[in-house]
Amino acid sequence: CLEKITITQFDVRGQIRVFSGGSAREVGVRYTFNDWLSCVDAQALAVDEPGIVGERFSFTVYTPPFMDPSSAVHFALYLRSEDGEFWDNNQGQNYSLRYRCLPGTTPFVSAAFHAI
């Protein structure tokens with residue numbers, strides 16, 4: 001499940017918490033900038049944090065340098081293991097972040113993604 005997300009002008013960083021057992025697994029994020037006409041999978045990296053319940057993984061999605069003001073990134077998380085493939089896709093709606101510029105500012109200075 002998506003545990004935490006940090007958004008900047010240049011990237012989207014997130015943390016995924018996994019509660020399942022087993023050792024052979026792949027955790028990651030599938031994302032798109034063009035409403036699923038194409039998509040990319042990015043593997044998440046394990047974060048070593050003793051004392052937490054489950055396991056924590058982190059991912060980074062780098063945003064294209066020149067985004068249209070109406071652009072969005074949509075993403076879902078996956079876990080692939082010997083038990084199957086599992087998805088966290090925000091209850092079937094995907095996670096979505098819309099690119100917005102603050103009114104009266106230059107897009108390259110004060111624009112970022114915001115949750116929608």
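Student: Among contacts in the protein chain between residues at least 6 apart in sequence, what share joins residues at least 24 apart?
Tutor: That share is 58%, where contact means heavy atoms within 4.5 Å. This is a predicted model, so local features need pLDDT of at least 70 and side-chain atom pairs count only at pLDDT 80 or more, while totals for chains, interfaces and linings use all residues. Residues are numbered from 1 along each chain as its sequence is written, and side-chain values use heavy atoms, with hydrogens and water left out.

Student: How many helices and strands are there?
Tutor: The protein chain has zero helices and 10 strands. Both are DSSP runs numbered from the N terminus: helices are H or I with at least four residues, strands are E with at least two.

Student: Ok, aromatics. How many aromatic pairs?
Tutor: Four. Rings of Phe, Tyr and Trp (its six-membered ring) pair if their centres lie within 6.5 Å; planes under 30 degrees apart count as stacked, over 60 as edge-to-face and the rest as tilted. In one of the pairs, Phe75 and Tyr95 have ring centres 5.3 Å apart and planes at 20 degrees, so this pair is stacked. Phe75 is in strand β7 (residues 72-81) and Tyr95 in strand β9 (residues 95-101), so the pair ties together parts 20 residues apart in sequence.

Student: Are those two buried or exposed?
Tutor: Phe75 and Tyr95 are both buried. Buried means under 20% relative accessible area, exposed over 50%, and partly exposed in between (1.4 Å probe, protein chains only).

Student: Which residues do ring pairs link into a cluster?
Tutor: Phe59, Phe75 and Tyr95.

Student: Switching to charges. How many salt bridges does the structure hold?
Tutor: Nine. A salt bridge is a side-chain nitrogen of Lys or Arg within 4 Å of a carboxyl oxygen of Asp or Glu. One of them joins Asp41 and Arg30, with the closest N and O atoms 2.6 Å apart. Asp41 lies in strand β4 (residues 40-43) and Arg30 in strand β3 (residues 25-32), so the bridge ties together parts 11 residues apart in sequence.

Student: And what does Glu85 pair with?
Tutor: Glu85 forms a salt bridge with Arg80, the closest N and O atoms being 2.7 Å apart. Salt bridges that share partners join Glu26, Arg30, Asp41, Arg80 and Glu85 into one network.

Student: Which ring does the charged end of Arg80 sit over?
Tutor: The ring of Tyr78, at 4.0 Å from its centre. The rule asks for NZ of Lys or CZ of Arg within 6 Å of the ring centre and within 35 degrees of the ring normal.
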